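Subject: Structure handover

Hello,

Here is the structure I promised to pass on. My notes on its salt bridges follow below it.

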Amino acid sequence: MVQFDFAKMNLKQIFITFAFSFIFWMCSNNEPTAELLEAFGTPPVVNKITSQEFLEQGEAIFEDGEDIEKTVSSERIFYVQKPVYAEIKNGKLRIFNAMACHFKEVNLWLTMPEMRDTLLLMKFEEIPGFYELNMDSPLKMGEKIYSSKSGQPIRTNNFALLAPSQFELHLECKDSVFNMLKSIKMKTKVQMGKYGHGNWGLMTPNAARYYATSVINMAVMFSSDIFRDSLINYQGSIHGNDGATEIDREALLKAILNKNKLLFGVVTGPGIAGLGGGESLGVREEEMPGFFYQNRVNISCNWILHVWIHEFGHALGYGHSSSLCYGSVPDKIVPNVYRYMMKNKMLPYIINPFKHYNDYNPDNHNTDKSNTEL
């Protein structure tokens, strides 16, 4: 019988082994026959973590009352195209969920460049929203039998010796919101900034939750064919910093999708609606509920979208004379596309996910924006 003993192999030998010597239990209907079970031993046993075990072993993130250093920690960084992810480092498995969504029946899979199949490492009954879990790695020393994507069990040896660069992990779930994340083409890295000087207030867990949710909605929107078509085919002017020269719209879309990083902050101070430039982007915390419907009744997103896009325009290098800060993009293209996608349930968050804010009323906020600076 051929086994995979990584303790006695170099990287090249490992790849050759996977390329030519993987042993599959071939069986009809993806079930091992009695003869195969007798010949190769017990069938795979997949480790399943219950909802309660996840809660007990994990930790809530962006939770009211948490230390600000946790909120702004590099451990809380995520990419908009992968706000829910798994990683194995130093013998530990980390599951991180920066979504305000609970995902049920989630599978964790492993694949390698030379592997002809994908191994099922673990099952999670539920991954709660805004939560992370750190536990011992499911990759074990000694012999281990894994289930695979093809349904053909695979026997390995000393899988724990694999370096993180030698394999990839991915989570799989049938949830519609989870699968909506696959459409994201935007590559931006997101972090909450501490700030706390000038017109920048200190980051709060509430603001962090709103940034984490709103940026995913924006990423799905920016990645959509609807946004692309609206931007490319817009009949009016989309001009640059000189107020006249038209922007290459394909290049603009590419710049949006390839924005490297956003460091979010909370904007304070009288008459200041938002701040932005470089990696920084901030809006007033009290305006953030406007990104979402409140109790399926009210959505007042035009102003918050204008501010967000205005500051994002600064982060892309555009000034006040451009259409990224005033005019077509923040006032027409983005609000029209965002509202359309909200109405047709094409964004991850439609209703405000934070129920205690669903009594939000825009009439309680300043609706006269004429003297507000951006």
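Arg 94 is buried, at 6% relative accessible area (buried means under 20%, exposed over 50%, partly exposed in between, with a 1.4 Å probe and protein chains only). This is a predicted model: local features need pLDDT of at least 70, side-chain atom pairs count only at pLDDT 80 or more, and totals for chains, interfaces and linings use all residues. Residues are numbered from 1 along each chain as its sequence is written, and side-chain values use heavy atoms, with hydrogens and water left out.

Arg 94 has a salt bridge to Glu 132, with the closest N and O atoms 2.9 Å apart (a salt bridge is a side-chain nitrogen of Lys or Arg within 4 Å of a carboxyl oxygen of Asp or Glu). Glu 132 sits in strand S8 (residues 131-136) and Arg 94 in strand S5 (residues 92-97), so the pair ties together parts 38 residues apart in sequence. Helices (H or I, at least four residues) and strands (E, at least two) are DSSP runs, numbered from the N terminus. Glu 132 is buried too, at 8%.

Arg 94 also pairs with Glu 87, at 3.5 Å between the closest N and O atoms. Glu 87 is partly exposed, at 22%. Shared partners link Glu 75, Glu 87, Lys 89, Arg 94 and Glu 132 into one salt-bridge network.

Now another pair. Arg 76 bridges to Glu 66, with 3.0 Å between the closest N and O atoms. Arg 76 is in the loop between helix H4 (68-71) and strand S3 (78-79), and Glu 66 in the loop between strand S2 (58-60) and H4, so the pair ties together parts 10 residues apart in sequence. Both residues, Arg 76 and Glu 66, are buried.

The structure has 16 salt bridges.

Best wishes
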